[in-house]
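Me: I have just opened this structure and would like to go through it. Could we begin with the ligand?
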Amino acid sequence: MDLQLSERVALVTGGSRGIGRAAALLLAREGARVAVSYRSAADAAAAVVAEIAAAGGTAAAVPLDLADHESIRSAVGSVVDRWGRLDVLVSNALDTNGLTLWPPTAFEELAASSWQPFLRANVDGPYAVAQAVVPVMRAQGFGRIVLVSGTSALDGQPFAAALATAKAALHGLVRTLTKELGPAGILVNAVLPGTTLTEHIEAVLPAAARTARESASPIRRLLGPAEVVPTVAFLGSPLNTGVTGELVRVSGGL
Ligand SMILES: NC(=O)c1ccc[n+]([C@@H]2O[C@H](COP(=O)([O-])OP(=O)(O)OC[C@H]3O[C@@H](n4cnc5c(N)ncnc54)[C@H](OP(=O)(O)O)[C@@H]3O)[C@@H](O)[C@H]2O)c1
């Protein structure tokens, strides 16, 4: 299946590792020129760019901090300056802001000093990224926006109130932008991974928790990033002409 991404330009936020890295590699393999954004891991982003180049693709690393809207505008501007357009936004970066599932943070212990910066980065950040790309997409009469959310936003997740709340807020953005931007040729969707075995999750997920999730899953295992991103790539591609406003779970049924 040809996703028709050749000559298209994609920006993947948080492309330096995990699901974002897998999305960047796949979009590049499908022919897109890919801007791989990172916050601090310049080396990791450069390695993704080198991997894409070694495979004959085109990519560039761009710094972008969800908590710094000027850096967001500057990153989007640099992509458009470099390649003249921006067709696909994969809004994937997550700033954990020190909040982790392990050790868990009980809701009663979730201080406003943690909650507020988390929501600022992970709601205001994707808002600012989308707001920076939409004028470019509108001028092109074409755009695809894929927000990477998570099943916790629909199902709830103990000890992850800030995460579930931030992701659920993005669903309102998806539904609204779908209606506001559809007439301009811009389709907007969210992909909701379940627990996905990125390097980070492999390192921090306790064995017992992993086993419990695998047993609860209809497919009796957890997905890897490469299994999540084909849905991201399809929704973000010109081949997708009719799916917009959807919250698509990619979780092995969990
Ligand atoms: N893995 C899972 O189990 C899972 C499950 C459900 C949903 N998701 C969602 O999938 C997406 C990717 O998750 P992941 O597990 O692949 O993440 P990850 O491996 O932790 O990678 C996070 C990425 O976000 C970037 N980042 C962190 N803080 C940032 C900031 N302030 N500004 C800009 N970029 C920042 C990181 O850049 P640096 O490397 O430079 O720090 C990195 O590229 C997230 O939206 C997450 O919520 C993941």
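Predicted model: local features only at pLDDT ≥ 70, side-chain atom pairs only at ≥ 80, totals over all residues.

Me: Which atom of the ligand is 2.8 Å from the side chain of aspartate 95?
Reply: A nitrogen atom of the ligand lies at that distance from an N or O atom in the aspartate 95 side chain.

Me: And what lies 2.8 Å from an oxygen atom of the ligand?
Reply: A polar side-chain atom of arginine 17 does. The protein buries 92% of the 910 Å² that the ligand exposes when taken alone.

Me: How many residues surround the ligand?
Reply: There are 27, and the closest are Ser16, Ile19, Ala41, Asn92 and Thr196. This shell comprises 10 nonpolar, 12 polar and five charged residues.

Me: Changing topic, which residues have the most contacts inside the largest nonpolar core?
Reply: They are Leu11, Ile145, Ile186 and Val188, in a core of 35 residues. Elements that each supply at least two of its residues include β1 (9-12), β5 (143-148) and β6 (186-193).

Me: Which element gives the most to this core?
Reply: That is α4, with nine residues.

Me: What is isoleucine 145 in contact with, leaving aside its neighbours within four places in sequence?
Reply: Its contacts are Leu89, Val133, Val134, Met137, Ile186, Leu187, Val188 and Asn189.

Conventions:
Residues numbered from 1 in each chain as written. Heavy atoms only, no water. Near = heavy atom within 4 Å. Polar contact = N/O pair within 3.5 Å; in protein donor to acceptor, adjacent residues only side chain to side chain. Areas by Shrake-Rupley, 256 points an atom, 1.4 Å probe, with all protein chains shown as cover. Nonpolar A, V, L, I, M, F, W, Y, C, P; charged D, E, K, R; others polar. Core = buried A, V, L, I, M, F, W, Y, C linked by side-chain atoms within 4.5 Å. Buried < 20%, exposed > 50% of the residue type's maximum accessible area, 1.4 Å probe, protein only. Helix = DSSP H or I, 4+ residues; strand = E, 2+ residues; numbered from the N terminus. Contact = heavy atoms within 4.5 Å.
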